[in-house]
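Subject: Structure handover

Hello,

Here is the structure for you to take over. Please open it first, then read the notes below.

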Amino acid sequence: MQIKVVATHLNGVVVLEPEIFRDDRGFFLEAYRTDQFSAIGIPGPFVQDNHSGSVKGVVRGLHFQWDPPMGKLMRVTVGRAFLVAVDIRKGSPTLGKYVGVEASAQDGRQVWAPAGFARGFCVLSDFAEIQYKCTGIYSNKGESGIRWNDPAIGIEWPVANPILSKKDEVAQTLSEWLARKESDNFRY
């Protein structure tokens, strides 16, 4: 079974779709294969799998980690969501730009966002589950976030009044992050 690249964005973000076999029993797909991802240029190894469930209107993010650097391969396994990646790499020609991709359990679409990108999502269905493979082990001492509605980024979220965590509600702006010495960990 093949995993195909549907689109690339911002010199690093890759949108993928797996081949899905469907019949009267349901479906089967290969969500990850080391050989195919390596051929596409998506590095491994993936060392942690995360799984979250959220109700309609929830926005989580924009999160990132610099120590250790963490890339994420995101996919929706229940429902539908708007997946987002924002370039936060100093010196990048696309610094502060974002890509948003609608994905669902039905289409199997995945978004790869390497280290140097802040990631988030908005739930579009009544409930959605998002799973993501990570290239780094989580460390609360080396992670942070960017405010979901930072006007300097201008993400067109598909929700007017999202449900947010307190942490995401008070996250820093991109310019505040870029003024911190830790931001030097992400260079283009």
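By class, 10 nonpolar, eight polar and six charged residues line the largest pocket of this predicted model. Nonpolar means Ala, Val, Leu, Ile, Met, Phe, Trp, Tyr, Cys and Pro; charged means Asp, Glu, Lys and Arg; the others, Gly among them, are polar.

The model is predicted, so to speak of local features pLDDT must be at least 70, side-chain atom pairs count only at pLDDT 80 or more, and totals for chains, interfaces and linings use all residues. Numbering starts from 1 along each chain as its sequence is written, and side-chain values use heavy atoms, without hydrogens and water.

The pocket holds about 420 Å³ of space. A pocket is an open set of points on a 1 Å grid over the protein atoms alone, where a 1.4 Å probe fits, with protein on both sides within 12 Å along at least five of seven lines; lining residues have an atom within 4 Å of a point. Asn50, Arg60, His63, Lys72 and Tyr132 lie nearest the centre. Strand 6 contributes the most to the lining, six residues. Strands (E, at least two residues) are DSSP runs, numbered from the N terminus.

Pairing takes at least two DSSP bridges.

Strands 8 (80–87) and 9 share seven bridges. One of the partners there is Ala81 with Ala103.

Elsewhere, a two-residue hairpin joins strand 3 to strand 4.

Best wishes

Methods
Helices (H or I, at least four residues) and strands (E, at least two) are DSSP runs, numbered from the N terminus. Grid points are joined across faces, edges and corners, and a volume is the space filled by probe spheres set on the points.
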